[in-house]
Amino acid sequence: MNGYKPSELIRQLRLEKGLTQEQLAEGICSPVTISRIENGTQQPSNRVLELLLDRLGDDLLHTLGTTVLRTDAREVRNREEEIIHYIAAGNIAEAENLLLEVNDDALSLPAQQQRKKYMEALLRHQEENKSLSEVQKLLEEALLLTKPHFDKADFRSTILTSQEMQIINFLSVVLWEQAEYRQAIRLSFELSEAMERKKSSLPEQCQLFVCVLTNQLQFLESERRYEEAYEICIKAEKICKETDFMSMLPEILFSKAKLLFFIGKHGESLSILKGIYPYLLLIEKNVLAEKVRLFAEETAHIDLSENL
């Protein structure tokens with residue numbers, strides 16, 4: 001571990017973050033366990049070590065890899081990955097079947113129980129006649145499993161795990177969908193401040209940060225707060241380019257083009273639209289390409305097909 005024993009690593013990172021043993025332990029293990037780990041009288045399980053490093057924001061978590069940080073519930077984690085894959089592919093029935101097969105007895109840690117509840121919320125959100133209030137309830141219950149004293153109104157100084165960040169980001173979207181606009185925006189901005197404070201360079205957290213920023217700029221665009229949304233768009237674009245997270249860049253560039261148009265910079269806007277439209281067709285992102293074409297035609301009054 002780069003010359004560190006777990007006891008030294010956990011203690012050093014905790015002190016650097018200014019956390020008490022109680023704050024670090026919350027939802028992961030007991031403060032007594034943290035004390036024993038730091039004193040070297042108890043070795044953390046691989047799963048506990050993984051969760052502690054995640055909360056502390058240490059990039060060592062990424063470099064260790066799954067071989068070293070193999071969890072006691074690897075089979076359950078693999079099943080979770082399958083479920084997420086099926087949800088993303090729109091195969092909800094198969095995802096529901098897999099979720100039913102997850103053995104609750106194997107979910108010994110609150111963070112594992114939280115993950116299952118989060119996936120259940122994802123599934124409920126995909127239902128045709130979904131109840132957004134039920135999805136919100138599942139997400140809030142999931143968060144309370146590891147953050148029993150969580151304050152949605154003020155948590156920017158709270159150290160969060162990647163999983164907790166995902167839940168909060170999803171919760172902001174669900175609140176927006178229920179027309180709780182102010183609460184959604186406040187929650188999303190609290191989250192982005194907490195993430196910036198953590199300053200993690202882990203690829204998955206950088207990608208999540210881009211997703212959070214993308215939600216924010218869409219929230220602000222809907223409220224016609226175009227200048228603010230544009231600043232967030234620039235930040236998201238920069239992170240995508242710096243981290244090679246290019247899959248979301250076309251969508252961000254489309255948002256940038258729209259925002260430039262709305263703030264009166266029509267030439268810059270049209271230049272981006274003319275550039276991304278043929279590229280989207282080339283990589284067969286046809287749904288987004290159609291959105292670009294319709295915006296150009298109906299709002300900017302230009303025919304992008306002339307440039308093909």
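User: Thanks! At what angle do helix α8 and helix α10 pack, and how far apart are their axes?

Analyst: First, a word on the source: this is a predicted model, where local features need pLDDT of at least 70 and side-chain atom pairs count only at pLDDT 80 or more, while totals for chains, interfaces and linings use all residues. Residues are numbered from 1 along each chain as its sequence is written, and side-chain values use heavy atoms, with hydrogens and water left out. Now to your pair: helix α8 (residues 110-126) and helix α10 (residues 162-177) pack at about 30°, and their axes are 11 Å apart. Axes here are lines fitted to C-alpha atoms, for helices over the stretch in contact, and angles run from 0 to 180 degrees between N-to-C directions. Helices are DSSP runs (H or I, at least four residues), numbered from the N terminus.

User: What does that make α8 and α10, roughly parallel or roughly antiparallel?

Analyst: Roughly parallel, therefore; the term covers angles under 35 degrees, with over 145 counting as roughly antiparallel, 65 to 115 as roughly perpendicular and the rest as oblique. The crossing of α8 past α10 is left-handed, meaning that the near helix is turned anticlockwise from the far one by less than a right angle.

User: Which residues in α8 and α10 meet?

Analyst: On the α8 side they are A111, Q114, R115, Y118, A121, L122 and H125, and on the α10 side Q163, E164, Q166, I167, F170, V174 and E177. Contact means heavy atoms within 4.5 Å. Sorted by class, the contact of α8 with α10 has 7 nonpolar, 4 polar and 3 charged residues. For those classes, Ala, Val, Leu, Ile, Met, Phe, Trp, Tyr, Cys and Pro are nonpolar, Asp, Glu, Lys and Arg are charged, and the others, Gly among them, are polar.

User: And how do the axes of α10 and helix α12 cross?

Analyst: They cross at roughly 15° and come within 11 Å, with α12 spanning residues 203-222. That makes α10 roughly parallel to α12, and their crossing is left-handed. From α10 the contact uses S162, M165, Q166, N169, S172, V173 and W176, and from α12 it uses Q205, L208, C211, V212, N215, F219 and S222.

User: Which classes make up the contact of α10 with α12?

Analyst: There are 7 nonpolar and 7 polar residues in the contact of α10 with α12, and no charged ones.

User: Cysteines next. How many disulfides does a search of the whole structure find?

Analyst: The search finds 0, taking a disulfide as a pair of cysteine sulfur atoms within 2.5 Å. C211 is in no disulfide, and the nearest cysteine sulfur, that of C240, is 8.7 Å away.

User: Is C240 buried or exposed?

Analyst: C240 is buried, at 0% relative accessible area. C211, at 25% relative accessibility, counts as partly exposed. The cut-offs are under 20% relative accessible area for buried and over 50% for exposed, with partly exposed in between (1.4 Å probe, protein chains only).

User: Where does C29 lie?

Analyst: C29 lies in the loop between α2 (21-25) and α3 (31-39). Leaving aside neighbours within four places in sequence, C29 is in contact with I34 and V48. C29 and L51 are 22 residues apart in sequence, and their C-alpha atoms are 9.6 Å apart.

Terms used
Helices (H or I, at least four residues) and strands (E, at least two) are DSSP runs, numbered from the N terminus.
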